[in-house]
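Colleague: Could you walk me through this model, one feature at a time? I would like to learn how to read each of them.

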Amino acid sequence: MGQQIINGLFLGSIYALFALGYTLVFGVLDILNLAHAAIFMLATFAALALVTTFHFPIFLALPAAVLFAGLVGIVLERVAFRPLRSRADSNISGLISSLAVATILEAVALEVWGPNISRFPIGTLSDARVAIPGGVVSRLQLTIIAVAVVMFLALTWLLTRTRIGREVRAVAESPRAARVLGVNVDRVIASTFFLSSALGGAAGVLFGLAFNSISPDMGRSVELKGLAVIILGGMGSMPGAVLAGFLLGLTEVFVVAHLGASWRDAVSFAGLFLILVLRPQGLLGAAGAREA
Amino acid sequence: MTERLADFYGTYQSTIGYIGLNGLLALSVYTTLSCGQLALGNAGFMAIGAYAAVLLTMEAHVPFGLSLLAGTLLPALVAVPLGLPVLRLKGVFLAIATIGFGEVVRLSLVNSEAVNGAQGIVAIPQKTSVGLIFAALALAVALLGRLKGSKWGFALEAIREDEPAARTMGIPTGAYKLSMLALGAALAGLAGALEAHFTFMVAPNGFGFDRVVDMLVFAVVGGSGVVFGPVVGAAFLTLLPEVLREVAPMVGIEPGPLRMAVDGLVLLLVILFLPNGIVSLAGVIRARRSGRRPAGGTESTR
């Protein structure tokens, strides 16, 4: 039982990190960034390359890969979102252009690293195990949960206590009003993409370390689960994304334990679908905000 | 000459068939796009149509025409109770809910022992001819073309441009949106039923998220403003890999990644510079030549 709870929290912390980046962009721009999963994947390969080719220790490779993911996010915004921002249908055309970028990034990864599963070399992280009441967990799992929690706290601090955080929230409320008040909207949107992609990249590296299976299409399953998480939490709601991420992680672990592995995804999508039909604002979302 | 033509046909029969099937699928996304709704449940509808037709053919031994009819009608019937709650959602929420529906259909099939789970059903008798596929496509184009010039078509356009305004004018927007969802479901189901009897097999993973993304990409690249746009987009993007397979050795990139990169690049360029699809290319060039700005907002007005 204790073991399963840790497993669930550990899976959930990765979902939560991924979804947090997803929902951040949605909250600010009302667009769904379908390239988020491709950045998740690309950051993992970047960390892998740093560890294998340049012999970085993982505690340096992780922040470097996260920074790299953030920079890719800024480029993504310039190429795929900014040119469309003045269009009336920018939420649908932005979804499509981000899909195009995702396809290109996946093609690049496929050409560079090939379709096979790549792995971190043995000894990248210690595989020591820790006894807890009710089971044994690896130190890696606990490290991942800790890294995720630190990143949530850092993001919360950034958004609530700093100037750029206040500007991000102002743009989310109304880009026009923010511009009138002297906020550099373009810069704020670029920062939002940097943050969002950095979170997605962090989720990717942690996912790669946790399952040690890295491939160009690794983002795909997480992409759809990330959607389930942000809908469940309420789109644009960051506490909601974290809560729903952990909820999904725990649910999956318990479904696998009690119903079998093949039901895992069915339960999350059935949940997603029911939420949208019965309570479209999600668990912590504001009512009446579904007009995006 | 005729021999070489027959040879060519033998080699490319499956590609030619897929041009038609993908055209039908692109039109199935176009139906909802034509009233401004991004509904992405069509891989699920396609799966329902395919499995229904296959089970009728193989288990009940009904005539093929009847299987096709059931494969077309059943998804449309499913679309009605699905659409009633789901079509109240707007924009990306509708997209996500319908993606969720599609995944639920796919994962239910994966978990159904009765239809052989993830392995799917094989050895389906081949009953679909290329001619039949194109007859179905022609029928769909004719139907949607008729719709466009009619009162019905103007109502759809009004809903696409401004839904609250359309409602104020007395257009029953809900009924229109629901019927377009059902029509799209019928087209997707028909394509699924035809495809299953064309390739001998169905499997749940053929109806995943990437399948509906393909359909959307066909429609957007071709141009979703006119009926033949999605058909042109489907033909273009179905032929592209065939061309790229020849080109790949010359540029030294594996065909798989090259195809994905070119697909992505085409989609990006179209959405950035040709929002009305490649069918609008000629018009845009003509407008550029005569010094006017092209219609459709390819230049941002900031």
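Colleague: What is the mean pLDDT of chain B?

Modeller: The general idea is that pLDDT is the predictor's confidence in each residue, from 0 to 100. Here chain B has a mean of 88, and 95% of its residues reach 70 or more. Residues 296-302 of chain B fall below 50, although that stretch has 14 contacts in the model beyond near neighbours in sequence. Two residues are in contact if their C-beta atoms, placed from the backbone, lie within 7 Å. Chain A averages 85, with 95% of the residues scoring at least 70. In chain A, residues 287-292 are below 50, and this stretch also has 14 contacts beyond near neighbours in sequence. Where pLDDT is low, the predicted coordinates should not be read in detail. For the complex, the predictor gives an ipTM of 0.86 and a pTM of 0.88.

Colleague: Where in chain A is confidence lowest, and where is it highest?

Modeller: Confidence is lowest in strand β1 (residues 129-132) of chain A, with a mean of 73, and highest in helix α2 (residues 36-52) of chain A, at 93.

Colleague: How many helices and strands does chain A have?

Modeller: Helices (H or I, at least four residues) and strands (E, at least two) are DSSP runs, numbered from the N terminus. Chain A has 11 helices and 2 strands, and along the sequence the pattern reads α-α-α-α-β-β-α-α-α-α-α-α-α. Chain B has 12 helices and 0 strands.

Colleague: Why is chain A called as compact as a globular protein of its length?

Modeller: The radius of gyration is taken over C-alpha atoms, and the globule rule is 2.2 Å times the number of residues to the power 0.38. For the 292 residues of chain A the rule gives 19 Å and the model has 19 Å, so chain A is as compact as a globular protein of that length. The C-alpha atoms of chain A fill a box of roughly 55 × 45 × 35 Å along the principal axes. The C-alpha trace of chain B spans about 60 × 55 × 35 Å.

Colleague: How do I read a helix such as α5 of chain A, and which of its residues are buried?

Modeller: The expected span of a helix is 1.5 Å times one less than its number of residues. Helix α5 (residues 139-161) of chain A has 23 residues and reaches 32 Å from first C-alpha to last, close to the expected 33 Å. A residue is buried if 20 or more other C-beta atoms lie within 10 Å of its own, exposed if 12 or fewer, and partly exposed in between, with C-beta atoms placed from the backbone. In α5(A) the buried residues are Ile144(A), Ile145(A), Ala148(A), Met151(A) and Leu155(A). They pack against α1 (2-29) and α8 (185-211) of chain A. An α-helix has 3.6 residues a turn, so residues three or four places apart point the same way.

Colleague: Which residues have the most contacts inside the largest nonpolar core?

Modeller: A nonpolar core is a set of buried Ala, Val, Leu, Ile, Met, Phe, Trp, Tyr and Cys residues joined through C-beta atoms within 7 Å. The largest has 201 residues, and Leu42(A), Ala43(A) and Ala65(A) have the most contacts inside it. Helix α1(A) gives the most to this core, with 17 residues. Leaving aside neighbours within four places in sequence, Ala43(A) contacts residues including Ala65(A), Phe68(A) and Gly204(A).

Colleague: Why does Leu178(B) count as partly exposed?

Modeller: Leu178(B) counts as partly exposed because 18 other C-beta atoms lie within 10 Å. Leu178(B) sits in helix α8 (residues 173-199) of chain B. Not counting residues up to four places away in sequence, Leu178(B) touches Val80(B), Gly83(B) and Leu87(B).

Colleague: How many residues of chain B are in contact with chain A?

Modeller: In this model, 40 residues of chain B are in contact with 37 residues of chain A. On the chain B side, α4(B) gives the most, with 13 residues. That side divides into 26 nonpolar, 9 polar and 5 charged residues. Here Ala, Val, Leu, Ile, Met, Phe, Trp, Tyr, Cys and Pro count as nonpolar, Asp, Glu, Lys and Arg as charged, and the others, Gly among them, as polar.

Note on methods
Residues numbered from 1 in each chain as written. Chains lettered and ligands numbered in written order. Predicted model: local features only at pLDDT ≥ 70, side-chain atom pairs only at ≥ 80, totals over all residues.
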